[in-house]
Amino acid sequence: MSRGDFVSKNITAEKKELFETMPVTKAILTLSIPTIISQIISVIYNIADTFYVGRTGNPYMIAGVSLAVTVFFMTISMSNLFGIGGGSLISRMMGAGREKDAKAVSSFSFYGALAVSLLYSVLIALFMDPILTFLGASENTMEFSRQYTTWVVVFGCPFIVLSGVESHLLRNTGYSSQASMGLSGGGILNMILDPIFMFVLFPKGQEVLAAAVATCLSNVASFVFLSAVIMKVSKEAPLSLSPSLLKDVKKNHVRETFAVGIPSALLPGLFDVANIVMNSAISAHGDLQLAAMGIVMKVERFPNAIGIGIAQGMLPLVAYNFSSGDKKRMENVISTARKMGIAQGVVFVILFQLFAPQLTGIFLDEKTGAEAAAATLVFAATFLKLRGLGSPFQFINFHSSYSMQAMGNGKNTIIHAFIRIVGLYIPLMFLLDRLMGETGLALALPVAEFLSDFVAVYLLKRTVRCS
């Protein structure tokens with residue numbers, strides 16, 4: 001008798017079919033499409049601030065927001081720590097029929113994320129100016145960075161982190177559509193509020209502050225919606241936000257959550273460090289180059305969003321079938337998801353080569369800002385063509401990392417993350433900057449992602465073989 005025979009009867013037949021018998025391609029799409037939609041809308045509402053700020057034609061405002069976004073990215077690490085760590089464990093517990101334990105892990109993930117996010121908010125509030133200065137803020141950009149960081153990170157961090165955790169927990173129990181609705185709804189609300197706050201309610205010159213307030217309120221709305229969904233589905237799903245279940249959390253629950261959660265948090269955390277290095281290096285070439293790189297990092301988030309959406313949709317299927325013992329289905333899921341992600345990455349490489357000026361031009365009004373804006377857009381188009389080459393290679397790294405996380409292999413995930421970012425990406429930035437200047441900085445990403453693929457594929461094969 002397989003472990004899958006012990007799946008709780010409280011898990012609906014529809015969810016059981018999704019995880020166990022639905023054709024693999026259909027199952028991946030069922031979980032991935034809502035996730036991709038929410039990822040794209042999240043990207044859109046995150047870049048909506050840059051888009052609307054760009055209407056001012058002020059590249060210093062864009063540079064200021066770009067620096068603040070680096071601080072914001074750490075919230076993704078916190079969401080992954082408890083959301084992917086806890087969500088992956090819950091999927092494996094579902095496959096093994098351990099519903100009571102899954103509910104305890106759900107509660108632990110929520111309140112653990114709340115504590116860590118509150119601590120981060122306090123630390124950023126206390127040390128904001130030194131941090132922004134270290135990131136490269138100048139006299140021209142400091143005040144804008146400070147405004148955005150205060151509202152989006154200091155005030156908004158707990159809501160951002162908890163919304164991310166809740167969406168992961170829902171997705172990993174088969175409620176991908178509901179998770180998508182929560183994140184997407186907040187994104188759509190932000191896109192509505194941005195122009196109202198920036199160009200109607202707030203005075204001219206306060207566009208960055210207005211965008212930050214709108215973003216904060218939108219994240220609060222997402223949190224409220226997702227919390228309500230979890231409380232509703234907890235009757236049939238192994239999810240709970242009840243603090244009373246914290247007493248049922250065992251040491252092995254915490255250990256297994258962090259075994260996957262720490263590597264999941266580490267990757268965006270390391271990327272955040274890499275972005276800090278990038279911003280520091282590119283700012284040495286000038287504020288316009290910094291603004292251009294900020295624009296490019298927004299545009300390239302679209303292929304990343306789709307790739308991560310595919311990987312996150314794949315994760316609960318891999319985790320469930322790993323735990324239930326259906327290795328053949330698990331390997332089929334991994335293989336099919338890889339093909340999907342590489343295909344979309346290639347499409348974006350082509351789009352970036354053909355339409356780089358048009359795509360980067362969306363984020364800055366060249367006519368309003370005259371020479372400075374025009375120069376910024378020239379840099380941005382060049383950077384996008386170069387960095388965009390890494391899209392399919394980047395997906396292979398995402399895919400391998402999420403697959404290993406799904407199987408609970410934190411060790412190989414950490415090895416891969418350190419080699420990818422610390423061993424390759426950051427050193428290549430210094431090397432190529434020295435050899436080729438700002439162009440070399442843009443090339444560092446695709447070169448590092450390509451070289452990392454060899455490590456990623458090897459580690460994934462070894463993980464599957466030992467499962």
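Val464 counts as buried at 12% relative accessibility, where buried means under 20% relative accessible area, exposed over 50% and partly exposed in between, with a 1.4 Å probe and protein chains only. The model is a predicted one, in which local features need pLDDT of at least 70 and side-chain atom pairs count only at pLDDT 80 or more, whereas totals for chains, interfaces and linings use all residues. Residues are numbered from 1 along each chain as its sequence is written, and side-chain values use heavy atoms, with hydrogens and water left out.

Val464 lies in helix H18 (residues 438–466), helices (H or I, at least four residues) and strands (E, at least two) being DSSP runs numbered from the N terminus. Residues up to four places away in sequence not being counted, Val464 touches Lys327, Met330, Glu331, Ile334 and Met407, contact being defined as heavy atoms within 4.5 Å. Met407 and Val464 are separated by 57 residues in sequence, and their C-alpha atoms are 8.3 Å apart in space.

His416, in helix H17 (residues 410–436), is likewise buried, with a relative accessible area of 1%. Again without residues up to four places away in sequence, the contacts of His416 are Asn397, Ser401, Met404, Ser452, Val455, Ala456 and Leu459.

The largest nonpolar core has 143 residues, and those with the most contacts inside it are Tyr148, Leu170, Leu239, Val318, Ile421, Tyr425 and Met429; such a core is a set of buried Ala, Val, Leu, Ile, Met, Phe, Trp, Tyr and Cys residues joined through side-chain atoms within 4.5 Å. Helix H10 (residues 207–233) gives the most to this core, contributing 12 residues. Ile421, when its neighbours within four places in sequence are left aside, is in contact with Leu267, Leu270, Phe271, Ala274, Ile426 and Pro427.

Over the whole protein chain there are 18 helices and 0 strands. The radius of gyration of the chain is 21 Å, close to the 23 Å that the globule rule gives for 467 residues, so the chain is as compact as a globular protein of that length; this radius is taken over C-alpha atoms, and the rule is 2.2 Å times the number of residues to the power 0.38. The C-alpha atoms fill a box of roughly 70 × 45 × 35 Å, taken along the principal axes. Buried residues make up 61% of the 467 residues in the chain, and of the contacts with a separation of 6 or more, 85% are accounted for by residues 24 or more positions apart.
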